[in-house]
Amino acid sequence: MYTNQNNSLSLPFPTRWGLSTELAGRPLVRGILTIESVSGNTVRGTANFRGSPIVINGYWDENTKQLIFETPYASFSGQLQIFDDATSRVRHFILIGRFVMKPTSLQTGQYGSWVATTNRVLTGPPQYTGGIPPVGAFLTSDLLIQGRKFYKNF
């Protein structure tokens with residue numbers, strides 16, 4: 001498993017995120033987003049939608065909390081939200097955004113939405129409160145718990 005990184009960025013790394021996408025209001029594909037490193041504003045990792053990791057390269061803006069990354073099939077952009085659950089002592093990291101399919105895909109030019117989540121143990125007092133995280137925070141976390149079992153059902 002990954003070790004805790006002590007960094008000043010709000011985007012944790014290395015981390016595994018449950019990832020869910022929708023195209024035209026219908027579930028498209030689910031998978032695992034892995035953020036291996038953030039160096040300066042450069043993000044490196046993989047997206048694993050059907051059992052094979054695809055290398056991603058991206059850009060992180062700490063000021064706006066925006067992540068932009070590319071796969072061979074789509075371009076993704078999303079905003080980071082953080083929610084601290086004091087009761088369960090969990091910090092929820094939630095990326096929510098849009099994507100557009102590239103010419104290498106059968107759905108070229110179509111737009112969709114995506115949500116990715118990961119959790120960390122809350123080690124201090126809650127800092128990010130106010131409201132409830134979107135339902136996607138709980139749905140995508142199931143992907144991380146089920147791991148390989150998920151891909152067998154695809």
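Author: Start with the term. A pocket is an open set of grid points with protein on both sides within 12 Å along at least five of seven lines, and its lining residues have an atom within 4 Å of a point. Keep in mind that this model is predicted.

Now take the second largest pocket. Its space comes to about 320 Å³. The lining is made of 17 residues. Nearest the centre lie Val 29, Phe 49, Arg 50, Tyr 73 and Met 101. By type, the lining has 10 nonpolar residues, 6 polar ones and 1 charged one.

Next, the rings. A pair of aromatic rings is described by the distance of the centres and the angle of the planes. This structure has 4 aromatic pairs. Phe 69 and Phe 76 form a stacked one, with 4.7 Å from centre to centre and 5° between the planes. Both of these residues are buried.

Phe 69 also pairs with Trp 114. Here the centres are 5.6 Å apart and the planes stand at 80°, so this pair is edge-to-face. The cut-off for that label is over 60 degrees. Phe 69 sits in strand β5 (residues 66-70) and Trp 114 in strand β8 (residues 111-121), so the pair ties together parts 45 residues apart in sequence. Phe 69 has a relative accessible area of 1%, and Trp 114 has 2%. Buried means under 20%, so Phe 69 counts as buried, and so does Trp 114.

Notes:
Residues numbered from 1 in each chain as written. Predicted model: local features only at pLDDT ≥ 70, side-chain atom pairs only at ≥ 80, totals over all residues. Heavy atoms only, no water. 1 Å grid on protein atoms, 1.4 Å probe; cavity = no way out; pocket = protein on both sides within 12 Å on 5 of 7 lines; lining within 4 Å. Points joined across faces, edges and corners; volume = space filled by probe spheres on them. Nonpolar A, V, L, I, M, F, W, Y, C, P; charged D, E, K, R; others polar. Phe/Tyr/Trp six-rings, centres within 6.5 Å; stacked < 30°, edge-to-face > 60°. Buried < 20%, exposed > 50% of the residue type's maximum accessible area, 1.4 Å probe, protein only. Helix = DSSP H or I, 4+ residues; strand = E, 2+ residues; numbered from the N terminus.
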